Amino acid sequence: MLLAGSWLVFYFLHSFLASSKLKRILKEKLASGYKWYRLFYSAISLVLFLGILIQSVLIQPQRIFEESNLLVYLGYMLATFGTILSVKSSKAWSLKKFLGINPDSEETEILIKSGLYGKIRHPLYAALLMIFMGYLLVAGTATALVHLACLLIYLPFGIYFEEKNLIEKFGDSYKTYQKEVPPLIPRWSR
């Protein structure tokens with residue numbers, strides 16, 4: 001329960017701190033200091049995530065299904081594909097800007113619709129799903145199931161709030177993109 005509560009806090013703060021409304025208020029209040037907000041946001045997220053990892057390590061593992069070579073193999077494959085997907089999708093944007101390390105950068109944001117983003121709108125979320133599912137298959141523990149369940153519960157909310165911000169930022173261009181590209185699972189061409 002504590003682990004699920006920790007994820008709840010993490011996901012709530014993740015969405016709250018990323019909200020357009022909060023960013024507008026802080027931009028007005030902080031003026032030139034606002035340029036460091038993204039770094040603050042990234043640091044808070046990292047600290048909370050590390051806390052969840054530490055908490056997970058300290059929980060006595062309880063297997064929920066027996067280990068099998070096939071499940072372990074499938075788990076490693078899923079986690080590997082998820083990791084590859086996250087690395088490939090992150091090449092489309094600036095990591096320094098994403099983390100807030102380079103706040104004085106004058107890069108204008110553009111809506112990325114090519115590459116992986118031409119197949120699915122949220123490849124990082126899809127990658128996390130694959131990694132967490134792979135972890136569950138490899139570990140087979142209640143803790144791994146809690147991680148995956150919390151992510152599955154959060155995703156509809158996270159996608160909703162992220163897309164609300166993106167519509168505000170990119171307008172009709174993003175609405176058209178939403179209609180053309182699925183959120184997590186690519187459409188197979190006929």
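Modeller: Two residues are in contact when heavy atoms of theirs lie within 4.5 Å. The structure discussed here is a predicted model.

Biologist: How many helices and strands does the chain have?

Modeller: Read along the sequence, the elements follow the pattern α-α-α-α-α-α-α-α. The C-alpha atoms fill a box of roughly 55 × 45 × 25 Å along the principal axes. The count for the chain is therefore 8 helices and 0 strands.

Biologist: Of the contacts in the chain with a separation of 6 or more, what percentage is accounted for by residues 24 or more positions apart?

Modeller: The contacts considered are those with a separation of 6 or more. Within that set, the share of residues 24 or more positions apart is 79%.

Biologist: What percentage of the residues counts as buried?

Modeller: The chain exposes about 12500 Å², and carbon and sulfur atoms supply 68% of that area. A residue counts as buried under 20% relative accessible area. Of the 190 residues, the part that counts as buried is 32%.

Biologist: Which element gives the largest share of the largest nonpolar core?

Modeller: This core has 17 residues, and Trp7, Tyr11 and Leu151 touch the most other members. The elements that give two or more residues to the core are α1 (2-17), α6 (123-139) and α7 (142-170). The largest share, 7 residues, comes from α7.

Biologist: Which residues does Leu151 touch, not counting those up to four places away in sequence?

Modeller: Leu151 is one of the members of the largest core that touch the most others. Once residues up to four places away in sequence are left out, Leu151 touches Tyr11, Leu128, Leu129 and Phe132.

Biologist: How many residues make up the other core that lies apart from the largest one?

Modeller: Among the members of this other core are Leu111, Tyr117, Phe170 and Tyr177.

Biologist: Against which elements do the buried residues of α6 pack?

Modeller: Helix α6 has 17 residues and reaches 24 Å from its first C-alpha to its last, close to the 24 Å expected at 1.5 Å a residue. Its buried residues include Pro123, Tyr125, Leu129, Phe132 and Leu136. The helix is followed by Gly140, whose phi is positive, near 65°. The buried residues of α6 pack against α1, α4 (69-90) and α7.

Biologist: Is Arg121, whose side chain meets Glu163 in a salt bridge, buried or exposed?

Modeller: The N to O distance between Arg121 and Glu163 is 2.5 Å. Arg121 lies in the loop between α5 (95-99) and α6 and Glu163 in helix α7, so the pair ties together parts that are 42 residues apart in sequence. Glu163 has a relative accessible area of 6% and is buried. Because Arg121 has 11% relative accessibility, under the 20% limit, Arg121 counts as buried.

Biologist: Which residues does Arg121 touch, not counting those up to four places away in sequence?

Modeller: Arg121 is placed in the loop between α5 and α6. With residues up to four places away left out, Arg121 touches Glu163, Tyr174, Tyr177, Gln178, Val181, Pro182 and Pro183.

Biologist: Which residues does Ser56 touch, again not counting those up to four places away in sequence?

Modeller: Ser56 is found in helix α3 (residues 37-58). At 12% relative accessibility, Ser56 counts as buried. Beyond residues up to four places away, Ser56 touches Leu3, Thr143 and His147.

Biologist: Which residues make the nonpolar surface patch of about 330 Å²?

Modeller: One of these residues, Phe49, is found in helix α3. The patch is made by Leu46, Phe49, Leu50 and Leu53.

Biologist: How many Å apart in space are Trp188 and Ser15, C-alpha to C-alpha?

Modeller: Trp188 has its place in the segment after α8 (172-180). With a relative accessible area of 75%, Trp188 is exposed. Trp188 and Ser15 are 173 residues apart in sequence. In space, their C-alpha atoms are separated by 31 Å.

Notes
Residues numbered from 1 in each chain as written. Predicted model: local features only at pLDDT ≥ 70, side-chain atom pairs only at ≥ 80, totals over all residues. Heavy atoms only, no water. Core = buried A, V, L, I, M, F, W, Y, C linked by side-chain atoms within 4.5 Å. Buried < 20%, exposed > 50% of the residue type's maximum accessible area, 1.4 Å probe, protein only. Helix = DSSP H or I, 4+ residues; strand = E, 2+ residues; numbered from the N terminus. Salt bridge = Lys/Arg side-chain N within 4 Å of Asp/Glu carboxyl O. Expected span 1.5 Å × (residues − 1). Patch = residues over 30% accessible without salt bridge, like charges linked within 9 Å, V, L, I, M, F, W, Y side chains within 5 Å. Areas by Shrake-Rupley, 256 points an atom, 1.4 Å probe, with all protein chains shown as cover.
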